Amino acid sequence: MSGHRRRTVAEALYRVLLLCYPRDFRGRHGREMILLFLERERDAAARGKRITCWWGASVDAVRNGVGERLDAVGRRLRGAGSEGLDRDGERIGGGGMDALARDAAYAIRSLAKSPGFAAVAVLTIGLGIGANTAIFSVVRAVLLAPLPYDEPGELFVAWGQMRNRGVLTFPTSPPDFKDYQDQADLVEEMGAVFTFQAPLTGDGEPEQVEVGFVTPNFFRMLGITPILGRDFVSSDGTPNEAGVQPGSPGSLPTMVILSHALWQQRWGGDPGVVGRTIELQGPAEIVGVLPAGFELLMPAAAALASAPDLWTAMRVDFVNSPRNNVFLRPVGRLREGVTLEQAQAQVDRIAVSLASEDPVKTSAGYAVRLAPLQSELTADVRPVILALFGAVVFVLLIACANVSNLLLVRAAGRRRELAVRAALGGSRTRIVRQLLMESGIVAGMGALVGVVLAMLGVRALLALRPDDLPRIANVGIDGPVLGFAIAAAAGAALLFGLLPSLQASRVDLADSLNERGQAGSGTGRALLRNAVVVGEVALSLVLLIGAGLMMRSFVELSRVEPGYDPDDLVTFEVAIPFNRYPQPSARSELAAALRLRMEAIPGVVSAGAAFPMPLSGRVFNGRYGGEEARVNPEAFRQAGYRGVLPGYFEAMGTRLLAGRVFTEADFVDSAAVVLVDEKLARTLWPSESAVGKRFLVRATSQEPEEVEVIGVVEHQRHESLAAEGMETVFFTDRYLGGFATTWAVRAGVDPLTLLPAIRSAVGAVDAELPVADVRTMRDRVDEAMGPTRFALTLIGVFGAIAMLLATVGLYGVLASVVRQRTPEIGVRMAFGAESRAILRLVVRQGLGLAGLGIAVGLVAALLLTGVIESMLVGVRPTDPVTFAAIGAGFVLVSLLACWIPARRAARVDPVVALREE
Amino acid sequence: MSQERKRADPLHLLPLTPVAFEILLALTTGERHGYAIMRAVEERTEGRTSLHAGTLYRALARLLEGGLLEERDERPQAGSDERRRYYALTDLGRAVAAAEARRLESQVGAARDHGLLEGMGGA
């Protein structure tokens, strides 16, 4: 079993090696080669020589694969068939391709002679290329790939703004939307969308579905055509007559287009589904099915679901709806040849005229901002991804620096060989070319290793991904990503190969052929190597400081007091079918009945519901103001509104700071009582108790309404854990109209074990009510920490790799310095220097290099950490603690890297050293 | 240099690479598949020459192209359901191998005449 598994892994790896060969050769002999290799490998394993076997096979594959490819090119140039028996192309004369083949063969032989060097160099470069390829695949899928809509460059999203209140991503009301749609003639088409949850019944089990609520032109505007049935037509959006509620008798049916997923899952892909009727808060008719994989790619600030289960054409009266009922998210397509700036100028004029008719808009600083859909979609995540990309570029640079240093050390050891070749008439270009060929082959093998690492890395990335990365599921290693890996390898080869090969080829014949040549012209080389080490220390320090800042953010984030206790708390959605409970009072009674049933379950401590729930991605904002707002509308500020049921605060574990919480008695139509959070209380009444005070809101009508504060609770983090968020007003759900559908149940036991009891409690009240979106509050909190955890893990991993490479680089340089200075050290010791002094000498040299690198790194970090500012929580990008701690840690690590070579130097036996001299 | 001329004159293909000659040697006693060729070479050289897959199949490809070898039917292996391809010497292959052996023999003879092999255990 495990033997078989090992065999498949070995086979898969060998198949990668086979990629060295031209395709037709692989096709002809590949299968036999695999069989032969597997037998060899089995024999080798039996003799405990598996590593030797793999090393040999890798060298064999690269050498013969490259040779075969070059032969194939040569044959094509000369005509087929000739020179069949020549070995390695060595006896073939003339021709650039042949010279190249000779260089390649020479380079491979020379690398095979020092497998240790080759393996370290290939792995180092492979690590760098792998990290770059993995992150580039994210850059490509998330940032670069065009949106899967028709001419995506013409699409834009329109944000409502109330600049005086700091509100920048407000939705739009139907009448405002219609004004823009009618008047902005530079816009070819404008549609609008909104998503919500609703119970789906009829033609199957009741279930809760996510509904995409769109204008009939929406899919046409995006360029999406249903694969079955038809698209929406404008008559699908004809509003009901005034006063007729959707779903009530006499209302028009809702027209529905199914998502591919729901069609498969609920109807098994039945093509006869078109024309069927379902119940979606009233009768609804299925008219079509969307193509598989359609996603609503909207910026996170729009707070919309990305994959609604079904779509309905909105029957909204765009003329007579109130202008303060804002919920639509407008998306538009520019006319061909029109720029966004031109359209923006036109929209600005319309916004000014709308504001002139509405004092609220004027005082709030109303405006509409158009933004390209593609860049807006990724605006939040772009800094994270670019910071990560910067991090992996650093890792690759450090890897190049290390290999460059290895090559310099190696070149020092090969100076005699190169000098002999120069003496025998090898031109400098020729020698440079051969050395570059070595770099090229190292980089090529590094690219192979890198692509394998990237494939594993992408899998790990997908496991770690935060939910707010749009299109991350499309991440993968495809053609362009492979192209990037190859380009990175070529760039890396030049970067780490060119300097050492130029250096190495500049040999002074007499100097090098003479045994004493060693000490002579080494200064330029040493300077270069020192500079490379300083560079790597600096680069890795920058990365580690980035990682340190993310770590501090993560700690801050896990220490945040969110204003609720996320443990032992489960949340779920019970959507209420509005057609069956049309009156707010009926919905209130239903909610009260549900609460009684749930609280009666053994193990339940308390139960309550709210709309919206913290960290649910749903937002409901309104304004509030003190007495002066009655005369001066500019004194209004923005607050988060919540509609809650009794028991909500107890269930959430939100502490009451003053006054009292709601009781059933507050849930009558007339009661205008609210709770506020400490933040609002502090803003309106900084020096007095808020309890008993009255202030203005605008929740249910166009006019300001006065409400009375009965209690103050602690502030809840609602939209994210990282940001403190706005002041909050808690209304009774009854006051807002009965929309509290997200339940919170606190339990004395593991809350998920109560689910069956909760489901039957809900079913006992109304068998058609679905329980959906079950999540513990702890899950929601973990998810809210996801982006920080993601960035921390990745930057941390890359920082650790970078530090490891830099330490190895520092060690390597010191070790070879000690080797070169052994005669000098011998002389010093012969003249009485103590080994302690020698130890200090070497450590001082190492720390000097590291110290310079650390200093450069600290300055670079000061300049660069600003780019991750938006990802940091509770810590500034120039946090002195992080800078000091990472800097000091690095000094310690450098000390370790110096220690071994220094000890070796201190133990030099002067007699031996001088004899070497 | 065309295929015809190669076929017509075995001497034109000399000298063979050591790998090619080893393969031809291994096949003089009958047809074999790749792994068997590898083992035969290993046994003859007492483990000093161990052909990796790439070296072996690249040489086989050249020998096939040159008409020195031919492929036989694939057939299943004993104790395994994998089918393998068998290789056999052609007349030309046998002639070339013989010519290479004679060439080497004359070189070795000359070496012996010059006393190069004296004192080399058993010579």
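Student: Leaving aside its neighbours within four places in sequence, which residues is V395(A) in contact with?
Tutor: In this predicted model, V395(A) is in contact with G128(A), A131(A), F798(A), I801(A) and A802(A), once neighbours within four places in sequence are set aside.

Student: Which residues have the most contacts inside the largest nonpolar core?
Tutor: They are V256(A), V395(A), V745(A) and A802(A), in a core of 291 residues. Domain 1 (521-560 + 786-916) and domain 2 (576-769) of chain A both give residues to this core, so it lies between them.

Student: Turning to helix α2 of chain A, where does α2(A) bend?
Tutor: The bend is at H29(A), by about 60°. H29(A) is also one of the buried residues of α2(A), as are F25(A) and E32(A).

Student: What span should the 24 residues of that helix have at 1.5 Å a residue?
Tutor: Helix α2 (residues 23-46) of chain A should span 34 Å, and its end C-alpha atoms are 32 Å apart, which agrees.

Student: Now the interface: how many residues of chain B are in contact with chain A?
Tutor: On chain B there are 22, in contact with 21 residues of chain A. The elements of chain B that give two or more residues to this side are α3 (34-44), α4 (53-65) and β3 (83-89).

Student: Which element gives the most?
Tutor: That is α4(B), with eight residues. By class, the side of chain B that touches chain A has nine nonpolar, seven polar and six charged residues.

Terms used:
Residues numbered from 1 in each chain as written. Chains lettered and ligands numbered in written order. Predicted model: local features only at pLDDT ≥ 70, side-chain atom pairs only at ≥ 80, totals over all residues. Core = buried A, V, L, I, M, F, W, Y, C linked by C-beta atoms within 7 Å. Buried ≥ 20, exposed ≤ 12 C-beta atoms within 10 Å, placed from the backbone. Domains from an automatic or database assignment. Contact = placed C-beta atoms within 7 Å. Helix = DSSP H or I, 4+ residues; strand = E, 2+ residues; numbered from the N terminus. Expected span 1.5 Å × (residues − 1). Bend = angle between axes of the 7 residues up to and from the residue. Nonpolar A, V, L, I, M, F, W, Y, C, P; charged D, E, K, R; others polar.
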